[in-house]
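Visitor: I have a structure to go through with you. Can we take it piece by piece?

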Amino acid sequence: MKQSVTLKGNKDGFVLTLNESASFTTIVEELEQLLEHLKAESKKGDLNEKNKEIQLEISTGNRLLTVEEKNVVTKVIKENSQFIIKKINSSVLTYEAATAWQQAVSLQMEIQTIRSGQVLQAPGNILFVGKVHPGGVIRANGSIFIIGELHGVAHAGFEGDATAVVVADFHTNAQVRIADNVQIIENQLTEKVTIKKNEFAFINDLHILDFQNLDHLGKMRPMLGKMTGGLI
C-alpha cells in the first residue's frame, strides 16, 4: 500500500509529500506517526541537534488543500516537530489564481476614446484602438499597443516590469512611462514635426527610456509574439 506521507531531505532542508489520492484523515494520521518516529530518533541523536529549526517544504501534487486543511497540517507539524514550513506547493491553482494568470498573459483589446480625467487599466498587455486625449491615461502591468493617437499618458509595466514596451503614434506633450521611467515627448526639431510614428518606447541597456523603429520590436522583445493573441 502506498504511503500517504513521505519525507525526503535536500540541500535546503526537507520536502514532505502528501499523496494526492489519500484521504485527508489518513494523511493526518500518518503525519503524526511520522513525526513521532522522528522525535524518537532525534532523542537518540540520529536526526538533528535538539532545538534546531529545520526548513520544510510541503508538496501536495494535484491536491489543493483548503484553508482549514492547511491549518490542521501546520498545527500538527508545529506541535510535534522542529520543522519550520517554508512553503506549501500544489500543481493546481484556484479558479481565482488561474483567472488572474490568464489575464496577465493574455492580450486585452479595447476600442474607445479616453478623454481627460479617464483612466483605463489592464492586468497584462493591452491593444488599444482609439485616441488618448491630453489628461487621459492608459495603465498596464504589461505592454501597451495603441492603434491611434497618444496625447495623454501611457504607463506600461505599471507594477515594475521594465521589459514592457509602448507602441503608439507619440504626439508632442504625450507622456510615456515604463516601470519607474518617465519621458515627455518634446518637439525638438521643427514646429511641423509633432509626432513619432512607427516607433516603440522601451528601457534600454542603460536603464533609460528610449525609442526604436518598429522593425526592431520582434528582435528586441521576441516573447511578445508568444502571448495569447500574439502580435508579431
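Visitor: What percentage of the residues in the chain is buried?

Guide: Of the 232 residues in the chain, 34% are buried, where buried means under 20% relative accessible area, exposed over 50%, and partly exposed in between, with a 1.4 Å probe and protein chains only. This is a predicted model, in which local features need pLDDT of at least 70 and side-chain atom pairs count only at pLDDT 80 or more, while totals for chains, interfaces and linings use all residues. Residues are numbered from 1 along each chain as its sequence is written, and side-chain values use heavy atoms, with hydrogens and water left out.

Visitor: How many helices and strands does the chain have?

Guide: There are four helices and 15 strands. These are DSSP runs numbered from the N terminus: helices are H or I with at least four residues, strands are E with at least two.

Visitor: Which residues have the most contacts inside the largest nonpolar core?

Guide: Ile-144, Ile-146, Leu-150, Val-166, Phe-170 and Val-176, in a core of 25 residues. A second, separate core has 19 residues, including Ile-27, Leu-56, Leu-65 and Val-76. A nonpolar core here is a set of buried Ala, Val, Leu, Ile, Met, Phe, Trp, Tyr and Cys residues joined through side-chain atoms within 4.5 Å.

Visitor: Take Leu-150. Where is its place, and is it buried or exposed?

Guide: Leu-150 is in strand S9, residues 144-150. It counts as buried because its relative accessibility is 0%.

Visitor: What is Leu-150 in contact with, leaving aside neighbours within four places in sequence?

Guide: Val-132, Ala-168, Asp-169, Phe-170, His-171, Ala-174 and Val-176, with contact meaning heavy atoms within 4.5 Å. As for Val-167, its C-alpha lies 9.6 Å from that of Leu-150, and the two are 17 residues apart in sequence.

Visitor: New topic: cavities. How many of 30 Å³ or more does a search of the whole structure find?

Guide: One, and the largest cavity holds about 30 Å³ of space. On a 1 Å grid over the protein atoms alone, a cavity is a set of points where a 1.4 Å probe fits but cannot get out, and lining residues have an atom within 4 Å of a point. Grid points are joined across faces, edges and corners, and the volume is the space filled by probe spheres set on the points.

Visitor: Which residues line the largest cavity?

Guide: Leu-7, Leu-16, Leu-31, Leu-34, Leu-35, Leu-56, Ile-77 and Phe-83. Helix H1, residues 24-43, gives the most to that lining, with three residues. By class, the lining has eight nonpolar, no polar and no charged residues. Ala, Val, Leu, Ile, Met, Phe, Trp, Tyr, Cys and Pro count as nonpolar, Asp, Glu, Lys and Arg as charged, and the others, Gly among them, as polar.

Visitor: On to backbone angles. What phi does Asn-173 have?

Guide: Asn-173 has a positive phi of about 80°, although it is not a glycine. It lies in the loop between strand S11 (166-171) and strand S12 (175-178). Asn-173 is exposed, because its relative accessible area is 58%.

Visitor: And what about Ala-179: what is its phi?

Guide: Also positive, about 55°, and Ala-179 is not a glycine. It is found in the loop between S12 and strand S13 (181-184). With a relative accessible area of 11%, Ala-179 is buried.

Visitor: Last one. Where is Gly-117 found?

Guide: In the loop between strand S5 (107-114) and strand S6 (119-122). Gly-117 counts as exposed, at 65% relative accessibility. Its C-alpha is 5.6 Å from that of Gly-135, 18 residues apart along the chain.

Key. 1 Å grid on protein atoms, 1.4 Å probe; cavity = no way out; pocket = protein on both sides within 12 Å on 5 of 7 lines; lining within 4 Å.
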